[in-house]
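Q: I would like to go through a model feature by feature. Please give the general idea each time, then the case at hand.

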Amino acid sequence: MRIQLQVALTHLTGRTRQTFVSLTGVILGVAFFLAVSSLMRGSEKDFIKRLIDNSPHITVYDEYRLPRTQPAELRWAGGAVRISNVKPQTETRGIRGYREKLEFVESMPGLKVAPVLVGSAVLVFAGREESVTLSGVVPDKMKTVSTLEEKMIEGSIDALAANPNGIVVGTGLAQKFNLGLGRNVNVVAANGASRPMKVVGIFRTGNANYDETQTFTLLKRAQVMFDRPNRVNRLIIQLDDPYEARDAAQRIEAVAGYKSVSWIEASEDILSVLIVRNIIMYSVVSAILIVASFGIYNTLSTIVMEKTRDIAILKSIGFHARDVRLIFLHEGVIIGVVGSVFGLVLGAGLMKLLSTIEFRPPGITEKVQMPIWWGPEQFAIATAFALVSCILAAYLPARRAGRVHPVEILRGAA
């Protein structure tokens, strides 16, 4: 094995220019593979993080995934007469016994939950009316499942606990009504209930529609306004590991009975687009290494053609065909290993450079940095793909070298 490695090194150092070109191809291939894939994966992680941060990991609704069976169908399941257009029983909407279900969810490890009562309302101020979504929340629990507290630019969500008639609005709505902290607005619920409320907080998420339509008040106040005492219609859940949301939602729905939707289920179309984008990305960056492998193939093929007599001599003194193949496979591995090492260093430098770039998208006031993913799997994938490409590129020349017949070559040379 040592002799085969020495012969392989002699071949590579004897053709410095060709070896350098092959090495450069592998180095650039690995470096650009790392830079592009880390940028694409970073943008994917950043997008999913924003998607996760701005929406609950799991939402339990006050509805059932499948329609409830009507009493008439239960009573006469096999009846000959079918009753159609049966009007469901009129009842107050909401999650029945939500406190027991809240305790069950809180007992599950690795998650936090908050009850919410969501309804439609109209804000009336200075003769102007605006339709909004009014959410009744428990401030202490809401802070654990949302980033609302981080988005506050004036006041705080804790002020709702100190002011039962308080309301928190977005910057878009505040600008429309020219509202500031301490101003009073009239809130009219869909059932006609009206109550003056005091602005105790203003938030900004960057989502214009959300900032213009979403408002928050105390849960007990919302229950009174919507005439839903002791009811909520949402359970908002955040998990320590967002990717466990689908399994957790299934367990919650099986016990609670109400429809539980994970962010993965709600965003299946977006996630499928990301998968297709990753396939395209890896195909493009892999093509760089495939092109580099042709340079290795060309270099080793040339060496086989020029060293045919040397190969014949090696085989005549006792080298087997597999020994000759190993010589050229070693050359491919050497180029792959050296190229990968330098390529990883250059790729890490490119990633570091890209992470320092800042730009301001049109219509955005804050600067945004290029999202770079430093996951170790990216380095492992780049290295593995480079080595596999180099070995495959070296295999055909190695196979050709192993088939050289020493008698015919030496007889022709004589």
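**Reading the model**

A: The protein chain holds 16 helices and twelve strands, where helices (H or I, at least four residues) and strands (E, at least two) are DSSP runs numbered from the N terminus. This is a predicted model, in which local features need pLDDT of at least 70, side-chain atom pairs count only at pLDDT 80 or more, and totals for chains, interfaces and linings use all residues. Residues are numbered from 1 along each chain as its sequence is written, and side-chain values use heavy atoms, with hydrogens and water left out.

Q: What share of the 414 residues is buried?

A: Buried means under 20% relative accessible area, exposed over 50%, and partly exposed in between (1.4 Å probe, protein chains only). In the protein chain, 40% of the 414 residues are buried.

Q: Why does Ser22 count as buried, and which residues is Ser22 in contact with, leaving aside neighbours within four places in sequence?

A: Ser22 counts as buried because its relative accessibility is 2%. Ser22 belongs to helix α2 (residues 16–53). Contact means heavy atoms within 4.5 Å; leaving aside neighbours within four places in sequence, Ser22 touches Gly295, Ile296, Thr299 and Ile335. For the protein chain, 77% of contacts between residues at least 6 apart in sequence join residues at least 24 apart.

Q: Which residues make the nonpolar surface patch?

A: Like charges are joined within 9 Å, and nonpolar side chains (Val, Leu, Ile, Met, Phe, Trp, Tyr) within 5 Å. Here Val333, Val337, Val338, Val341, Phe342, Val345 and Ile391 form a patch of about 560 Å², with areas from the Shrake-Rupley method, a 1.4 Å probe and, for residues, only the protein chains shown as cover. Helix α14 (residues 321–355) gives the most, six residues. An α-helix has 3.6 residues a turn, so residues three or four places apart point the same way. Val337, in helix α14, is partly exposed because its relative accessibility is 39%.

Q: Where does α15 bend?

A: The bend at a residue is the angle between axes fitted to the seven residues ending there and the seven starting there. α15 bends by about 30° at Tyr395, and Pro397 follows within four residues. Among the buried residues of α15 are Ala394, Pro397 and Ala398.

Terms used:
Patch = residues over 30% accessible without salt bridge, like charges linked within 9 Å, V, L, I, M, F, W, Y side chains within 5 Å. Salt bridge = Lys/Arg side-chain N within 4 Å of Asp/Glu carboxyl O.
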